[in-house]
Amino acid sequence: MYVMFLLMGASLMASLIFLGAYIWSVRSGQFDDKYTPSVRILFDDKKKSKKSDTENDSGINEEEKK
Amino acid sequence: MAIKFDQYKTGHSDIEKSESLNCFHCGDPCPDKSIAVGDKIFCCHGCKTVYEILNSNELCEYYDIENTPGVSPKKDLVSERFAYLDDELIQEQVLEFSGTNVNKVTFHTPAMHCASCIWLLEKLHDMDRRILSSTVNFPRKEVSISYAINEMKLSGAAALISSLGYEPLINLDTVGKREQSSAEKKLYLKIGLAGFAFGNVMILSFPEYLSRVGDVDPVFKMVFGYLSLVLSLPVLLFSSRDYYSSAWAGIKSRTVNIDVPITLGIGMLFLRSAWEILSQTGAGYLDSFTGLVFFLLIGRIFQQKTYDVLSFERDYKSFFPLSVTRKINNVEAIVPVSKLLPGDRIVVRNQELIPADSVLLKTGTMIDYSFVSGESEPVSKDAGDFIYAGGRQVGPTIELEVIKEPSQSYLTKLWNNDVFNKPRFSRLNKTVNQVSHYFTLAVVGIALAASLYWLQFDTRMAIRVFTAVLIVACPCALALSSPFALGTALRIFGRKGFYVKNTEAVEALSKVNTIIMDKTGTLTKSQQETIEFSGARLSREEQQKIKSLVKHSTHPLSRKIFQALDTTATLPVTDFEELSGKGVQGIIGGDKIKIGSGSWLGMPVEEIDIEDMKTRVYLHINGQIKGSFLIASIYREGLRPMLAKLFKQFRLILLSGDTEREKATLVNLFGQEEDLHFRQTPEDKLNFVISTQKGDTHVLMVGDGLNDAGALRASEVGIAVTDDVSAFSPASDAILRGENLHLLPTFIKMSKATMSVISASFIISILYNVVGIGFAVSGMLSPLVSAILMPASSISVVAFTTFSTSMRARMMGLS
Amino acid sequence: MEMEKFRYDNQIVRMFFWATVVWGVTAFLVGLTIALQLPAPVFNFGTSWLTFGRLRPLHTNAAIFAFVGNGIFMGYYYAAQRLLKARNFSDTLSRIHFWGWNAIIVAAAITLPAGLTTAKEYAELEWPIDIAIALIWVAWGVNMIGTIIKRREKHMYVAMWFFIATFVTIAMLHIVNSLEVPVSFWKSYSLYAGVQDALVQWWYGHNAVAFFLTTPYLGLMYYYMPKAAQRPVYSYRLSVIHFWALIFLYIWAGPHHLLYSSTPDWAQTLGTVFSIMLIAPSWGGMLNGLLTLRGAWDRVRQDPILKFMVVAVSAYGMSTFEGPMMSLKNYNAISHFTDYTIAHVHIGALGWNGLLTFGLLYWLAPRLWNTKLYSVKLANVHFWLATLGIIFYVIPMYWTGITQALLWKQFTPEGLLVYPNFLETVLQLIPMYWTRAFGGTLYLTGSLVMVYNLVKTVKSGSPVEDEEMEAAPLKPIENEKTDYKHRWLEARPVPFILLSFIAVAIGGLVEFVPMFVVKSNIATISTVTPYTPLELEGRDLYIREGCFNCHSQMIRPFRSETERYGEYSKAGEYVYDHPFLWGSKRTGPDLHREGVGKLKKPDAWHYNHMDNPRSMSPGSIMPVYPWLLTRSNDYAKLPKKISAMRTLGVPYPDGYEDQALGDLKKQAEGIVGNLKDSGIETSWDKEIIALIAYLQKLGTGILPR
């Protein structure tokens, strides 16, 4: 039954990889916000249809100047 | 004959929405249909502007996500308001990251409230190309913005989100406090490591438990043992570290807290396991060891319930502005408040806070001290008067000369009081620690007695029994019962708008026997009043005249009357005069009208006194008293039954900063007079609490303002009542939504019920311990018994406490 | 600093889209065929390529790796790019991934009917294809990790974690389970033998279910279900906990496939315990999915996509509850080796995987071709056909499973089996097999309706060009955190040292294990001898024809089984079995004691039975194998086979390669002689001779020779 060593070794190695991933995700702040990401994925990326990107840098400033 | 005017509100309104006239952007009712783009109607030009911005940037998908998701932008919006952010010193405090090309800033924006807000605030770069990216943290109501340095200023970023209705809140407190969660991260790491080790050690331990004797190859046993030992080391050295340090701290201060027996237990578990494995005499108890630490840490997570938008730690800095306009040689410049020195001349505009104790120059004004002193009416001040920091300026721009540095001012000095340096809950010994004291003594006693007994026959056995007793008596279940019971209570409270800072506060709440209450903003609704007129019937014309008169006054009472009168105010006023502390007068359409205090208008003294409980403003037309406007605070709903309930069990005290005006009403509410105290300064309140805390008196303070901060802190439990949770409330142990104040007796009852659940679970876990110790002293504690007994006791205690706590809550109608 | 412009690769999604559709229909079609073969053996068509034994692995491979596999990648390539705000790391890798994966499937579709198989369930493909699978899998992994590295969204949504877990674990499982010694280009022997092989196989087999059919689909669920419902997942926090709990538990549930087998007790119980513990995270995930729709149930009634998803998630909940139950010993005693297991896996495959994939296809088609779904009505028709199909499939199969188990175990008051003849128990199931085939037909019809609907949809639109996106790169904004990791490791030397120590320890372990494994393949029962060359060749034919798909070789220690088959199976009997052939389902009787005791039959019986089973057992549903009688076996590879076996620890003497053929011929002539006595003329090199030799060897290990 020494094959169990192989299976345990392989499983342990995989779970070490996941442990590493877990440590990374805690450290890098993946769990900082446990709500917003679930909303963020709902937003569809929409391509810009008209208007070239450089023509106007903001609609805001003009509004403010009024 | 009395005319009743509808109650009106000066705060944010929740007025029912009528179908046709709701703003397309924010959903507020629109006064008319005049502000419109196509068929879309808006309540104000601000909303229309935001719509136009979104429209021109093809961002109208915003409205597809939710109906009327918007917030109306502040009307007096000017980008100069944020000019102070461009000051280098302030930037240093505000910016989260400053690079060569990019700056990153995180703004707190309480106005965000729905998915559309997230969408819009993350689309800023589509609206303004100088923004590179923006990320929302919705639970914290924060938006992090990265912008190109050479194209945009910090003030521009703030102005951009303000123009969309998401005005950022920037003050001394919100600055530089981003990296708060490092303790939480560490706890996550500890749990992850313990969970990982637990899972794997459990697997490695199974062969030992689940097979018949001699069934498992000795090579397996050896390898599994060593592997478990290696896997357990991080748990020993990292995950369970807090328990050692807490136990050590306890011992140093000569108390035996719950962590002492825990440390003993897990230490013994590990040592004995290591010895068994290394000497190959057994499999050890490492699965129990790792599992125990894992469960204990889970309990820690559970007892923490963080409310991301709330802060329980605010001091005066949270209320004070970041900067102020300083005038030197008639040149105005924006400086950080911390740079103010005595002698500086500062400019304070309408609705701004006075940042330091100072003297008023030139003109007289009104200062609203309600937040500082609890006085509900603004106080008028003349040139040369001394003005305390913390007051809000109401009226035209004033100039002041600073007398004391902000940190040394009258109000902020409150924070120099000793109570702010003492650890919380020092007066209350935690129940768990009381129990654990005797528990530990008993366990060590039993361990010693048992090993002495065995010593007569077998030394090895004596050692084994000694360690086994300490192992099995490790009060895991005991330690878990209070986090889970109190944590459950914490969550139940949270669902009812009662946000408690931590489980200690729940425990402390169960022990209070004296309740002290503030009045303004606590018993009454902040910023809401009723206005009634009593006297002769006023004609429409008279109403017009009155409204035209008060239109010219900035006095808050005038403003209130102005807003309450449902008519136009177009008549010209001549000979207008505003007499400070008395009233206003003027001639309109030939009538001489005076509105003001009774004494000024020559009312008999006794008549004034009778009506003293409310603010009364008299109307005087052509030398004749026509009647009076009665302006009264609105007491919160359900106050009377609540106070009646509390009165049966607690000593009730009122500490108000206000005058005795409403004493009659309050006597009526409280049912007695001797414990009502008025004109209390913040320091009076603090001292009152301290002097009350004698012997067995445990004080619950319920307040709302900065003036209550000291009392809130000094009391055993301080509850801050607020009508808007995202607004600032003073440092406290709990924040309670104003509309749920009437549930206070139930909350206290619930906290007591929770403590009785904990006591019951103590009994259960002690029963487990008796069984376990039975095994241990007879030398029969095998790893399997321990592996079954320990998780079984922990899990059953956790299940019992959570279940019975929520049952109790359900019975009280809290869930 | 500049915003980065990029485009999503929609073409690769469309490629996988069509592959999913095509392979889905194929898998259902093959499934229907083998479903018909059971009640009506005529559907085996009398040709070797289309017998049940060869088509069943084709069906499972097509369903799992072709249909579900392409479904995973379709869903992944659409979701990952959007979740990470980046185009795939490399378009070339994406294309290699697509064409490689589908070439592997084509190779499987050719080799499996051709009888080229390793006999390990869900890992039947031979070693060159195994290597290709590993390479293509890594290509996907590199592509994914590359995309993650260049992502422009800091947070990795939980779905991505499920994809990562899929990649890592499947890579490991596939490599460990596929370790084999090649004999020729299309033939290899498993590195492990007997019990050990079984352990490895079911450690793999169960986890393949977990990490190929479950985790990636949970990832898809967490992305597409909120998208389709237009509301965020019920609790994102729960989904994160769900992920980590599942990851740390799932990997140990495998041995529950071996209850009552010759594996050690503790390994079996380990499987049971962990299977039970899995209910918690699995149901956490299911509830999280279903609760996402709270308040949107009115939309579920109208939207077929949500209907598909809701039933899919419910099916997930059902099968993840049933699975742990089936791993309880007393439950397993009934369900194992019967059609109950078939019902269970089809709840998962048809319900969870199938319906979720259909939901995805309907959701993606309008978005990939910028149009509207051609017909919502037809999608609804499909939904009902599929749901009814599942019901008509699983109910008869549960019924069959329980019937089988009861019939097998029934004793007369005198203590004799009520149905001593296995065939009697089979004949009672035929009506149920027809009903199942009807269910399958409904399901297949539904999928054809979908194909029509999708083709019409696609024709009404045009492929969406890769939409242009822009976002700021993460790096310059996040660079204040670069020194972070190092700081942690420096500040915490103890955990770091420990972790590296563990890694090294495991590495060492892995290095020594193969040695251990080979060494422990030594007989512990003295009477157990290696296969003779002829038996070895016969065994390879047994494998080629897929006999193990219907016949187990594992007699469990129940009285009903020892009464019927003889002495229960011992671990020591299998030490020379590369691979093990225990089987997982008894459509026919167990064969482990076929060569001994009351089950032993004359050589002629086997000869006639293989030619036409119904001539010896009237009513039998076994296919005919006339080609075994006529085809000559090619013994050219025999020396290589002997030497490969010796490498694996089988004690053939040195130089035996050279005399093996002589021994083989001698033994074959003996059988030819026996057949001649019964009036059958044949020659020694016919395939049937080798197969008879193997069948007569079965079970003799515990007898002195």
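I call a residue buried if 20 or more other C-beta atoms lie within 10 Å of its own, exposed if 12 or fewer, and partly exposed in between. I'm noting that first, as I use it below. Also for the record: this is a predicted model.

I began with C:F45, which has a positive phi near 60 degrees and is a residue other than glycine. I found C:F45 in the loop between α1 (11–37) and α2 (52–84) of chain C.

B:K141 sits in the loop between β7 (131–137) and β8 (142–148) of chain B.

Then I checked a peptide bond in chain C. The one joining C:H578 and C:P579 is cis, with omega at about -5 degrees. I placed C:P579 in the loop between α21 (559–565) and α22 (603–611) of chain C.

**Chain C as a whole**

I looked up the secondary structure of chain C and got 27 helices and four strands. Its radius of gyration is 27 Å, close to the 27 Å that the globule rule gives for 705 residues, so chain C is as compact as a globular protein of that length. I read the extent of its C-alpha trace along the principal axes as about 90 × 60 × 50 Å.

How much of chain C is buried? I noted 55% of the 705 residues. I also took contacts in chain C between residues at least 6 apart in sequence, and 83% of those join residues at least 24 apart.

**One helix pair**

I picked out helix α6 (residues 194–229) and helix α11 (residues 304–326), both of chain C, which pack with axes 10 Å apart at an angle of about 140 degrees. That angle makes α6(C) oblique to α11(C). I put the crossing of α6(C) past α11(C) down as left-handed.

Which residues of α6(C) and α11(C) meet? From α6(C) I listed C:M221, C:M225, C:A228 and C:A229, and from α11(C) C:I305, C:L306, C:M309 and C:V313. I sorted the residues of this contact into eight nonpolar, no polar and no charged.

Definitions and conventions
Residues are numbered from 1 along each chain as its sequence is written. Chains are lettered from A and ligands numbered from 1 in the order in which they are written. This is a predicted model: local features need pLDDT of at least 70, side-chain atom pairs count only at pLDDT 80 or more; totals for chains, interfaces and linings use all residues. Helices (H or I, at least four residues) and strands (E, at least two) are DSSP runs, numbered from the N terminus. The radius of gyration is taken over C-alpha atoms; the globule rule is 2.2 Å times the number of residues to the power 0.38. Two residues are in contact if their C-beta atoms, placed from the backbone, lie within 7 Å. Axes are lines fitted to C-alpha atoms, for helices over the stretch in contact, and angles run from 0 to 180 degrees between N-to-C directions. Angles under 35 degrees count as roughly parallel, over 145 as roughly antiparallel, 65 to 115 as roughly perpendicular and the rest as oblique. A crossing is left-handed if the near helix is turned anticlockwise from the far one by less than a right angle, and right-handed if clockwise. Ala, Val, Leu, Ile, Met, Phe, Trp, Tyr, Cys and Pro count as nonpolar, Asp, Glu, Lys and Arg as charged, and the others, Gly among them, as polar.
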